[in-house]
Amino acid sequence: MTVLIIGGSGFLGAELVRQAIAAGHETAATFTSRPGRTPGVAWHPLDVRDPARIAGLLTDVAPSVVVNASSGQSDWAVTADGAIRVALAAAEQRCRLVHVSSDAVFSGTHVRYDESSLPDPVSPYGAAKAAAETAVRLLLPDAVVARTSLILGHGRSGHERMVHALAAGTRDGVLFTDDIRCPVHVEDLAAALWELALSDAAGVFHLAGPDALSRHDLGVLIARNQGLDGARLPAGRRADTDLPGPLDVRLDSRATQERLRTRLRGAHEFLR
């Protein structure tokens with residue numbers, strides 16, 4: 001089977017690529033600035049703002065499954081329009097699509113959100129992700145839309161790198177005590193995405209860990225796990241800043257977890 005990973009050079013994308021190769025799939029992946037380092041992969045440059053390039057890539061690769069793990073953060077042309085163009089091309093080529101979304105589609109008003117919860121974003125990034133979700137579900141009713149949360153693993157995630165820099169005193173900033181998420185390990189997330197991709201599952205799924213933690217509490221766990229001094233991590237409140245986005249968003253993944261073999265570990269487990 002041939003699989004195509006959009007955003008294969010990113011943090012999650014690289015793990016998706018690694019697991020696809022390990023499973024023996026013919027694997028193609030895209031990059032924006034430079035290809036990943038995993039051998040045995042057909043790497044393709046891709047700007048998801050270019051519909052002709054997307055269509056040409058899917059025609060050339062002819063994948064059975066496309067996993068879109070790309071994100072342009074608050075860049076609407078990438079995160080919303082780009083994802084919609086990928087969905088249009090997948091529909092044209094009759095490929096199975098797994099679209100990776102985010103807990104940013106929620107406002108935090110209700111705190112806990114299950115798979116039936118409707119998006120109510122309060123940030124540009126969340127709005128772009130919500131628009132992409134809606135388009136994917138309408139264009140490809142058999143697609144998987146997988147919402148996830150803060151992704152960690154092996155010290156290589158953005159949050160882990162920030163913790164290292166703050167502990168070392170090489171960057172300014174704080175870790176928020178009121179910004180709460182349900183972190184997931186990148187290996188668990190990628191395995192769950194492949195499990196959904198290779199099944200007949202369709203609709204919205206939540207792939208987050210069971211532990212709800214503030215970014216500061218999570219930073220202390222990371223520091224302890226990686227031999228850093230957690231007491232050096234400065235704390236602050238996001239509510240005291242003008243940063244857009246929700247504060248407390250807890251993805252309830254229990255319904256999704258019940259249908260998966262892959263176990264989504266909590267941060268207290270994978271960072272102990």
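**Quick notes on the predicted model**

1. Start with the overall size. This is a predicted model, and its chain has a radius of gyration of 18 Å; a compact globule of 272 residues would come out near 19 Å, so the two agree.

2. On secondary structure, count 9 helices and 15 strands in the chain. As for how the chain folds back on itself, take the contacts between residues at least 6 apart in sequence: 75% of these join residues at least 24 apart.

3. Buried residues account for 53% of the 272 in the chain. The accessible surface is about 12,100 Å², and carbon and sulfur atoms supply 49% of that.

4. A word on charge: the chain carries 28 positive and 31 negative charges, and their mean positions sit 3 Å apart.

5. Helix 1 is worth a look on screen. It covers residues 11–22, and its 12 residues should span 16 Å at 1.5 Å a residue; the end C-alpha atoms are 17 Å apart, which agrees.

6. Which residues of helix 1 are buried? They are Leu-12, Gly-13, Glu-15, Leu-16, Val-17, Gln-19 and Ala-20. Note that Glu-15 and Gln-19 are on that list along with Leu-16 and Val-17. When you look at the spacing, keep in mind that an α-helix has 3.6 residues a turn, so residues three or four places apart point the same way.

Key. Residues are numbered from 1 along each chain as its sequence is written. This is a predicted model: local features need pLDDT of at least 70, side-chain atom pairs count only at pLDDT 80 or more; totals for chains, interfaces and linings use all residues. Side-chain values use heavy atoms; hydrogens and water are left out. Helices (H or I, at least four residues) and strands (E, at least two) are DSSP runs, numbered from the N terminus. The radius of gyration is taken over C-alpha atoms; the globule rule is 2.2 Å times the number of residues to the power 0.38. Buried means under 20% relative accessible area, exposed over 50%, partly exposed in between (1.4 Å probe, protein chains only). Contact means heavy atoms within 4.5 Å. Accessible areas come from the Shrake-Rupley method with a 1.4 Å probe; for residues, only the protein chains shown count as cover. Lys and Arg count as positive and Asp and Glu as negative; His and the chain ends are not counted. The place of a charge is taken as NZ of Lys, CZ of Arg, CG of Asp or CD of Glu. The expected span of a helix is 1.5 Å times one less than its number of residues.
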